[in-house]
Amino acid sequence: MTLLGQFALWTAFLLGLWCAVVGFSGRWRGRPDLTASVTRGVYGICAALLVAAACLWKALVTHDFSLEYVWAYTSRNLPTYYVLSAFWAGQKGSLLFWALVLSLFASAAQALSSRRYAALLPYVAAVTSAVVAFFVSVMLFAANPFERLAFTPLDGRGLNPQLQNVGMTIHPPMLYLGYISITIPFAFAIAALLSRKLDTGWIHAIRKWTIVSWIFLSVGITLGMWWAYVELGWGGYWAWDPVENASLLPWLTMTAFLHSVMIQEKRGMLKRWNLGLIVGTFMLSIFGTFITRSGVIASVHSFTQSNVGYFFLAFLVVAGAFGFTLLYTRWPQLEPEARLESMVSREAAFLFNNLLFVGIAFSVLWGTLFPILSELVRGTKITVGPPFFNRVNVPLGLLLLALTGIGPLIAWRKASTSNLRRQFTWPLGAGGVTALVLLALGMRDGYALIAFSLAGFVAGTVTQEFFRGVRARRRIHGDSLPMAFIRLVGRNRRRYGGYIVHVGILIYCVGFAGMAFKREREATLKPGQSVELRSPYGHTYRFTHVGISQYQALNRIVSAATVQVARDGKAEGVMTSEKRQHFTMENGDKVPSFEPSTEVAIRSDLREDLYIVFAGPVNGTEEAVYRFTINPLVWWIWYGGFVLLFGGIVTMWPGDGSPMPAPARRTQAGYGVTLVGAGERS
Amino acid sequence: MKAGTKFLIGAAVIVASVGFLITEGVKETGVYFLTPTELASKTAADPTFYDVGLKMGAKVVPGSIRRDPATREIDFKVSDGRQIYPVRYRGLVPDTFTDANDIEVVVEGRLGHDGVFHATDVLAKCGSRYEAAKPTRA
């Protein structure tokens, strides 16, 4: 099996080289046989990698511990679900996963793209194949999942208990899918540059891909936050760790890109900027992989330090140099077709939105790299942590939130005063009322007040857009209220899906702002003893330590500490937090594997989470050490994730989704800047 | 004034604000990240370096952890192989914090005049977290 896997990897590698060489050379022009050969090469790579993946999965399922990878990440007592997901739990397997998924995407790009992009597709194949070949070469020369041990151990080491969590089995592949799918827009951008077909064709070709990859990134990041929150037990979900930042960076530039392409489609502006953004986003995705896998920047998340990182660094430099050189050589052909006409216009709002996204991305990158930069320049390592990132990004983020509400209200080209009055009255009113209500309720935290008020403003904007759209449909078509709503969204999915995404984002922001009111207390309690904690809403929670019980489960010994919760003197039931020690069996003895892990007790509602961590017993007695935390509004973040996902799916639902004739669309407000011109519909 | 010029001014304001926030942020919140050896040479060269907020990255000396669960106080020693510092911390430590096999930690806090590093935060990174050393035949 390992031999077959090895052989499959080599096949994929050589096919990848062939496609890259032929594709980049351009010799396929006027040679249908070569063009076909490149396309078939892409499918061939995919087939070879499917074979390799099947080999690894088979080895995992059959517990073939002669493979180092299988030994390192599974054991006989590991639940089957985690045996299957161990495929991407470690460095080597995740590389194979990455290559496999990229080749699937690459095949889909070839098979699903309309024939009108035929002049781009062989170049696209060249780029995707080169990237796949790179990933396969990392496996072949540095981190081979089919590496054998010198002997066959009886049992494996098992999966780290912190990774034995459903979120942790879905979060990495989601994030990988996001990272990986960025390659396709990048490939189309390079193809457009190489073929000098620099109209909006490439942007139309990748529209769905960019949204798909943005959704995967968003969901992957959110799942990572959720995993950190429920599994790691430090009471938060985001620590501005380099690995977390690495996932945020491409998300930021991708979000900027999603907005700025609309200006290019509508007005023919920002061509260079968009190409630069997509090349930059691709580089940031590779940079993220480099950070995660090289250990150059101290992170609690890093994979073991290994030379794999330097493969990625080299690749990053080559890809960046190639992309930006190419962009430079095509510079004169990328003249904008229009100029900015007014500062009070949709274009200007989008431009500022882009500047802010890139500014935030830059500050996150700067803060992440600062230890390295300061060591290079000043000789001493200086680090910045969460206080830095919050100081810089909270004000910038709030500005962006404000633009989220402003952008959809301003007309294209030049907004008139009457237009502004008509559009802004209600949303601004909604924001103002939110601020007044919160002030009256006694909220005094400045940033939180601004955040909630802006959320009210954005909610006002979106509500007004939906309200006016539905009203217009009812008037013109005589639809019933629900039908008008469904048709409104269905006929203009990109615009209204985008609004739904905005609602998701504002719900996230409400959740983030809630953390300003976090309350926390540590205590060592004997059975019967209790502590009190006041919630930000003015309630008093009393936590009474009941006792500790111990029992053995499938592959672990569990100490469970139980706490009785009362709110304002009224009993609210019990919560149980656990300390788990996983073990493996060796010669009939239980041998502890990994460090002990904590199961946090969490009780959520829309207002606040009670979050209890059992840190361990005192010297084997029933006295327990606890941390009690009240986290307001955390649930909103996960809820915002669902709304965002739903909006994203609406946006990219297959089909045209914009039946109105193009000229009418030029004048209307809203995001629905689909395709001007005939290109898409021909 | 043309819209393009106005936009350039707006853009310059944003770029300047981002730059200002970054430089101020680094100045206000940046802390040294030192190894025990670097910290020792800093304090030797400059006695005012005590009680300065910093981060120290080192390995936990095996067997050095003393826990007092009742007060949640933890004493341990860290070392980079050449220089050793005792560390005192009050609070909960992550599950990965053990003195078993060369755990890497980052402690944040300040070095007191008593020669003890008073930590306000302890981060532990476990070498075995995602990757394992190869098994040796028993």
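View 1. A:L95 counts as buried because 23 other C-beta atoms sit within 10 Å; buried here means 20 or more other C-beta atoms within 10 Å of a residue's own, with exposed at 12 or fewer, partly exposed in between, and C-beta atoms placed from the backbone. This is a predicted model, where local features need pLDDT of at least 70, side-chain atom pairs count only at pLDDT 80 or more, and totals for chains, interfaces and linings use all residues. Residues are numbered from 1 along each chain as its sequence is written, while chains are lettered from A and ligands numbered from 1 in the order in which they are written. A:L95 belongs to helix α5 (residues 91–112) of chain A; helices (H or I, at least four residues) and strands (E, at least two) are DSSP runs numbered from the N terminus. Leaving out residues up to four places away in sequence, A:L95 touches A:F135, A:V138, A:M139 and A:A143, contact being C-beta atoms, placed from the backbone, within 7 Å.

**View 2. The bend in α13(A).** Helix α13 (residues 346–378) of chain A bends by about 60° at A:F370, with a proline, A:P371, following within four residues. The bend is the angle between axes fitted to the seven residues ending at a residue and the seven starting there. After α13(A) comes A:G379, with a positive phi near 85°.

**View 3. Where chain A meets chain B.** Here 55 residues of chain A contact 39 residues of chain B. On the chain A side, α13(A) gives the largest share, 11 residues.

View 4. β1(A) pairs antiparallel with strand β1 (residues 31–34) of chain B over two bridges; pairing takes at least two DSSP bridges between two strands. A:T383 has B:V31 as its bridge partner in β1(B).

Technical notes
Two residues are in contact if their C-beta atoms, placed from the backbone, lie within 7 Å.
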